[in-house]
Amino acid sequence: MSYKGTDNFSHNKPERLGVLVTNLGTPDAPTTPALRRYLAEFLWDPRVVEVPRPIWWMILHGIILRIRPKKSAQGYASVWKPEGSPLLIHTAKQAEGIREALKQKYGSNVVVGFAMRYGNPSISKVLDEMQDQGVHKLLILPLYPQYSASTTASTFDAVAADFTRRRWLPDFRFVSHYHDYPPYIEAMARHIESHWSNHGRSDKLILSYHGVPLKYLKKGDPYHCECHKTSRLLAERLGLSQDNYLTTFQSRFGNEEWLQPYTDETLKALPGKGVKSVDVFCPGFSSDCLETIEEINEENRGYFLEAGGEGFGYIPCLNATPGHIDALVQLVEENLKGWVTPENNPEELEARARRAEERKQATYPGRDDV
Ligand SMILES: C=CC1=C(C)c2cc3[nH]c(cc4nc(cc5[nH]c(cc1n2)c(C)c5CCC(=O)O)C(CCC(=O)O)=C4C)c(C)c3C=C
Ligand SMILES: [Fe+2]
Ligand SMILES: [Fe+2]
């Protein structure tokens, strides 16, 4: 057996803490070949599509990967920025924000990286870097507030699989959800309130989450309940009554039934029920991405206006706003408890030595023999 990093593994390096922020991933480019690569990896994950492998292999390679990449590439091309995919850009900024905040407090003792479950930067590459930097305690934070086996557990699988090729194994913590974490709820509430004070308020707030097949709920996945709990807590914090908001599910894939009510069908029906203006916010997406920019703010906006709606306010995701970074930093710090100690923080040790020297100089000025 040969392991990655066997030669450079060392017990003599400073013991650093690692925080690995992850998100779903995105294609490398808005092109058909890049989409084929990305979708082949993503849609082959048995956590994402729970269909027996031989049958799914034939459907995926025989039908889906021949049709979907071209269509999806067009969607990605419409949201792509000069610096790349919005999801990648926002996730990089979020990691940067967390890194800066933790650096202020803990110096270089905490290493913050980000990786994608599918595509790049890969979990393996970023874990290689963390191993090289001497990370001995590792916190993984998937940026999925609501737990779902198709996202959160899949990230756990990928991390665990990656460690099978390493001799190094750090102490390990994993944030499996934060759907009801008060700083996350507070960050969303302030973000929405600030949107309302800048752009005005609509008749109804639509809270739209990515869907999953209904059968996952029936098999016991808590995702649906966690989405509803997030919505309830957010609505309570915003002082909304049940009439003022709705929880819906978007991004259906394939022909089977997914979680309902569907966002698109809801938006098509609301004008007929007298709801002429809506604000839409997506609490489950920590970053704007194809599913929010194109599907919600373009496609679904069109459905609502075509059905007689008069006002459609899209409230961007939390992205790398200071309120979001603040909430994520609190979440990280809470999960690092007991790990960040003066003893494993080289800068704290240095500061202690400096303070001792200052005390000595203050007590015995000019003496270096005490
Ligand atoms: C096929 C089944 C899918 C399940 C189950 C699923 C769950 C799921 N996805 C997200 C978050 C995102 N999904 C995104 C894109 C996306 N999702 C699917 C399919 C399933 N998702 C596909 C095929 C795609 C690719 C785009 C397309 O071809 O339509 C994204 C956006 C990525 C980006 O690059 O912008 C996110 C984010 C969650 C949270 C979730 C379950 C809870
Ligand atoms: Fe998805
Ligand atoms: Fe979509």
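Mentor: Happy to. One term to begin with: two strands pair if DSSP finds at least two bridges between them. Also keep in mind that this is a predicted model.

Trainee: Got it. How many bridges join β1 and β3, then?

Mentor: Seven bridges join β1 (residues 16–26) to β3 (residues 135–142), and the two strands run parallel. As an example to look for, Val21 has Leu141 of β3 as its bridge partner.

Trainee: Which sheet order do those strands sit in?

Mentor: The order is β2-β1-β3-β4, an open sheet of four strands with parallel pairing. Neighbouring strands in this sheet are turned against each other by 25 degrees on average, ignoring direction.

Trainee: And which strands stand at the edges?

Mentor: Those are β2 (110–119) and β4 (171–174). Each has a single partner strand, so one side of each has no neighbour in the sheet.

Trainee: What lies across β1 and β2?

Mentor: That's α3, which runs at about 165 degrees to β2.

Trainee: Let's zoom out. How many helices and strands are in the protein chain?

Mentor: The chain has 13 helices and eight strands. Its C-alpha atoms fill a box of roughly 85 × 55 × 40 Å along the principal axes. Of the 370 residues, 38% are buried.

Trainee: Which domains is the chain divided into?

Mentor: Domain 1 covers 16–178 + 322–347, and domain 2 covers 182–314. Their C-alpha centres lie 24 Å apart. The contact between domain 1 and domain 2 takes 24 residues from domain 1 and 22 residues from domain 2.

Trainee: Which helices supply the domain 1 side of that contact?

Mentor: α2 (53–79), α3 (86–106), α5 (149–163) and α12 (322–335) each supply at least two residues there. The most comes from α12, with six residues. By residue type, the domain 1 side divides into 11 nonpolar, 12 polar and one charged.

Trainee: Which residues make the contact?

Mentor: On α6 they are Pro183, Tyr184, Ala187, Arg190 and His191. On α12 they are Gly323, His324, Asp326, Ala327, Gln330 and Leu331. The residues of this contact between α6 and α12 divide into five nonpolar, four polar and two charged.

Trainee: Changing topic: what does β8 pair with?

Mentor: β7 (residues 277–281) pairs with β8 in the parallel sense, over four bridges. In that pair, Asp279 has Gly313 of β8 as its bridge partner.

Trainee: And where do the side chains of β8 point?

Mentor: They alternate along the strand, which spans residues 311–314.

Trainee: What about phi at Ser251?

Mentor: Phi there is near 60 degrees, a positive value in a residue other than glycine. Ser251 is in the loop between β6 and α9.

Trainee: Why does Ser251 count as buried?

Mentor: Ser251 has 20 C-beta neighbours inside 10 Å, and 20 or more is the cut-off for buried.

Trainee: And what is phi at Asn319?

Mentor: Asn319 has a positive phi near 45 degrees, and again this is a residue other than glycine. Asn319 lies in the loop between β8 and α12. With 19 other C-beta atoms within 10 Å, Asn319 is partly exposed.

Terms used. Residues are numbered from 1 along each chain as its sequence is written. Chains are lettered from A and ligands numbered from 1 in the order in which they are written. This is a predicted model: local features need pLDDT of at least 70, side-chain atom pairs count only at pLDDT 80 or more; totals for chains, interfaces and linings use all residues. Domain bounds come from an automatic or database domain assignment. Two residues are in contact if their C-beta atoms, placed from the backbone, lie within 7 Å. Ala, Val, Leu, Ile, Met, Phe, Trp, Tyr, Cys and Pro count as nonpolar, Asp, Glu, Lys and Arg as charged, and the others, Gly among them, as polar. Axes are lines fitted to C-alpha atoms, for helices over the stretch in contact, and angles run from 0 to 180 degrees between N-to-C directions. A residue is buried if 20 or more other C-beta atoms lie within 10 Å of its own, exposed if 12 or fewer, and partly exposed in between; C-beta atoms are placed from the backbone.
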